Amino acid sequence: MAYPDKVLGEDEEVVRHLHPHWTTIFWPIVLFLVLVGGTSFGAALVPAGDQQATWRLVVVAVALVLGVFLVAAPLLRWRTTHYVITTHRLLYRVGILARSGRDIGLSRITDVSYRQTLWERVIRSGTVSIETAGEGGPTVFSSIPDSDGVQQLLNQLVEEDADRRAQEAAGHLGGFRWDGQQPTQQF
């Protein structure tokens, strides 16, 4: 699913759109399978009689409530968490009913690093830390798929953004032209 164009600037393009790594939904899916099996087994154990339908309904209702909190909520949280890297900024959006987000301009990023455990190296996941100018500490995103690739991509985009801004600034400073030689002013 492409990220909505309404939040992007005129000359801004999405370079990479990520959700947290699939391992964040592994246990909710396993729990769903256990819940389905347990519910089936529990419904089959209900003794025959006048109250059998009522007790089976209670078993299914309990399973549904557990399913909403232990399975559906984590899956929706995973699906509604977005890490979007564009040509101008990094966007972070999270939330199901209440939403929150953060935009970090590439020009404000001073350092990008990543950290992986041995297991995260095997599954190609990790934690990305972003240092920005004028902030108290790093912004840390965990469970990022291909964290080393994301770190390299962000570093490359930060450099390209700095070059683009330098060219725009040179264009606004009287038409200086940089073509590998001495700058010349055009009149």
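Visitor: What share of the contacts in the protein chain with a separation of 6 or more comes from residues 24 or more positions apart?

Guide: The share is 49%. The model is a predicted one, and a contact here requires heavy atoms within 4.5 Å. The protein chain has 187 residues, of which 33% count as buried.

Visitor: Which elements make up the protein chain, and how are they arranged from the N terminus on?

Guide: There are 4 helices and 9 strands. From the N terminus on, their order is β-α-α-β-β-β-β-α-β-β-α-β-β.

Visitor: What makes β1 and β4 edge strands?

Guide: They belong to an open sheet of 4 strands in the order β1-β2-β3-β4, paired in the antiparallel sense. β1 (14-18) and β4 each pair on one side only, and this makes them the edge strands. On average, neighbouring strands of this sheet are turned by 10° against each other, with direction ignored.

Visitor: Why is strand β3 called mostly covered?

Guide: A residue is buried when its relative accessible area is under 20%. In β3 (residues 89-94), 5 of the 6 residues are buried, hence the description as mostly covered.

Visitor: Why is one side of β5 and of β7 left without a neighbour in the sheet?

Guide: The sheet in question is open, with 3 strands in the order β5-β6-β7 and antiparallel pairing. β5 (109-115) and β7 (139-145) stand at its edges with a single partner strand each, so one side of each has no neighbour in the sheet. From one strand to the next, the twist averages 25°.

Visitor: How do you know that β6 and β7 pair?

Guide: Strand β6 (residues 125-132) and β7 are linked over 5 bridges in the antiparallel sense. The threshold is at least two bridges, so β6 and β7 qualify as a pair. Among the bridge partners is Pro145 in β7, which faces Ser125.

Visitor: Why does Ser142 count as partly exposed?

Guide: Buried means under 20% and exposed over 50%, with partly exposed in between. Ser142 has a relative accessibility of 42%, so it counts as partly exposed. Ser142 lies in strand β7. Not counting residues up to four places away in sequence, Ser142 touches Tyr83, Gly126 and Thr127. Gly126 is 16 residues from Ser142 along the chain, and their C-alpha atoms are separated by 6.2 Å.

Visitor: How many cavities of 30 Å³ or more does the structure hold?

Guide: The structure holds 1. In the search for a cavity, the criterion is that a 1.4 Å probe fits but cannot get out. The largest cavity has a volume of about 60 Å³. Its lining consists of Leu18, Tyr83, Ile85, Leu90, Val128, Ile130, Phe141, Ile144, Val150 and Leu154. Two or more lining residues come from each of β2 (82-86), β6, β7 and α4 (147-172).

Visitor: Which residues line the largest pocket?

Guide: Phe32, Leu35, Val36, Thr39, Val60, Ala63, Leu64, Gly67, Val68 and Val71 line the largest pocket. About 160 Å³ of space lies within this pocket. α1 (26-45) and α2 (52-79) each supply at least two of the lining residues, and α2 gives the most, with 6.

Visitor: How does the lining of the largest pocket divide into nonpolar, polar and charged residues?

Guide: The division is 8 nonpolar, 2 polar and no charged. Gly is classed as polar, so Gly67 of this lining falls in the polar group.

Definitions and conventions
Residues numbered from 1 in each chain as written. Predicted model: local features only at pLDDT ≥ 70, side-chain atom pairs only at ≥ 80, totals over all residues. Heavy atoms only, no water. Axes fitted to C-alpha atoms, helices over the stretch in contact; angles between N-to-C directions. 1 Å grid on protein atoms, 1.4 Å probe; cavity = no way out; pocket = protein on both sides within 12 Å on 5 of 7 lines; lining within 4 Å. Points joined across faces, edges and corners; volume = space filled by probe spheres on them. Buried < 20%, exposed > 50% of the residue type's maximum accessible area, 1.4 Å probe, protein only.
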